[in-house]
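Colleague: I have a model open and would like to learn how to read it. Could you take me through some of its features?

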Amino acid sequence: MTKTTEKTLLVASRNPVKVNAAQRALERAFPQVHWQVKGVSVPSGVDEQPMGDTETRVGTINRLEAILREQADFYVAFEGGYDRIHGQGFTFAYIAASDGTQTQIGRSGLLPLPELVSRRLEQGEELGPLMDELFNDHNIRQKGGAMGILTNNLVDRTSIYSDTLCMLLAPFLHPELYAQ
């Protein structure tokens, strides 16, 4: 199908994983649109390594609110976090999507973390640099992330973020079903 409309997508990050995930999801959902994508670095207002569901969600909302001040057709924000659930440490992300009028916020699936990683996160370290150290790599967070490296690339940050965002787009794809 030929792309006929041009719209702007603003992503609350310059991390190529997040920018690519947002672009991939919007291109899949709206194939008739040519998206001009811009990543913008904005503060989350939470710790560098958000701990717990609430802090991670708040970071996502803060990032979205920061970019909503800019002019665009669509806005997306991501925040990765950590939580211990029933004794197991997990990483996950919150994602927020908005057209400036309607906003959807949701959480990705959970990736179980090794106990060594969980303990070090709980002692104040960040997941990205910790993964770099454990796997003798550099800047894993801008590649497949812990999700990619721990699943042998069965999934990665881009795919998880993009798929989660695609699910959040349901109300934008079928507004007549979600009308209030």
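Colleague: Which residues is S162 in contact with, leaving aside its neighbours within four places in sequence?

Modeller: This is a predicted model, so read everything that follows as computed from it. S162 is in contact with A21, R24, A25 and R28, once neighbours within four places in sequence are set aside. S162 itself sits in helix α6.

Colleague: Is S162 buried or exposed?

Modeller: Buried counts as under 20% relative accessible area. S162 has a relative accessible area of 0%, so it is buried. S162 and A22 are 140 residues apart in sequence, yet 6.0 Å apart in space, C-alpha to C-alpha.

Colleague: How do I describe the packing of two helices in general, and at what angle do α1 and α6 pack?

Modeller: Two packed helices are described by the angle between their axes and the distance between the axes. Here α1 and α6 (residues 157–168) pack at about 40°, and their axes are 8 Å apart. That angle makes α1 oblique to α6. The crossing of α1 past α6 is right-handed.

Colleague: Which residues make the contact?

Modeller: From α1 the contact is made by V17, K18, N20, A21, A22, R24, A25, L26 and R28. From α6 it is made by R157, T158, S159, Y161, S162, D163, L165 and C166. By class, the contact of α1 with α6 has eight nonpolar, four polar and five charged residues.

Colleague: Next, the nonpolar core. Which residues of the largest one touch the most other members?

Modeller: In soluble globular proteins, nonpolar side chains tend to be buried together. The largest nonpolar core has 34 residues, and L26, F74, V76 and L165 touch the most other members. Helix α1 (residues 16–29) gives the most to this core, with seven residues. Setting aside residues up to four places away in sequence, L26 touches L9, W35, F74, V76, L165 and L169. There is also a second, separate core of eleven residues, and I67, A72, Y75 and A96 are among them.

Colleague: Let us turn to loops. Where is S13?

Modeller: S13 is in the loop between β1 (5–11) and α1. At 10% relative accessibility, S13 counts as buried. Its contacts, apart from neighbours within four places in sequence, are K18, V19, G39 and V40.

Colleague: Which phi does N152 have, and where does N152 lie?

Modeller: N152 has a positive phi of about 55° although it is not a glycine. N152 lies in the loop between α5 (145–150) and α6. N152 has a relative accessibility of 68% and therefore counts as exposed.

Colleague: What is the phi of N153?

Modeller: N153, not a glycine either, has a positive phi of about 65°. N153 is placed in the loop between α5 and α6. With a relative accessible area of 58%, N153 is exposed, because the cut-off for exposed is over 50%.

Note on methods: Residues numbered from 1 in each chain as written. Predicted model: local features only at pLDDT ≥ 70, side-chain atom pairs only at ≥ 80, totals over all residues. Heavy atoms only, no water. Core = buried A, V, L, I, M, F, W, Y, C linked by side-chain atoms within 4.5 Å. Buried < 20%, exposed > 50% of the residue type's maximum accessible area, 1.4 Å probe, protein only. Helix = DSSP H or I, 4+ residues; strand = E, 2+ residues; numbered from the N terminus. Contact = heavy atoms within 4.5 Å. Axes fitted to C-alpha atoms, helices over the stretch in contact; angles between N-to-C directions. Parallel < 35°, antiparallel > 145°, perpendicular 65-115°, else oblique. Left-handed = near helix turned anticlockwise from the far one by under 90°. Nonpolar A, V, L, I, M, F, W, Y, C, P; charged D, E, K, R; others polar.
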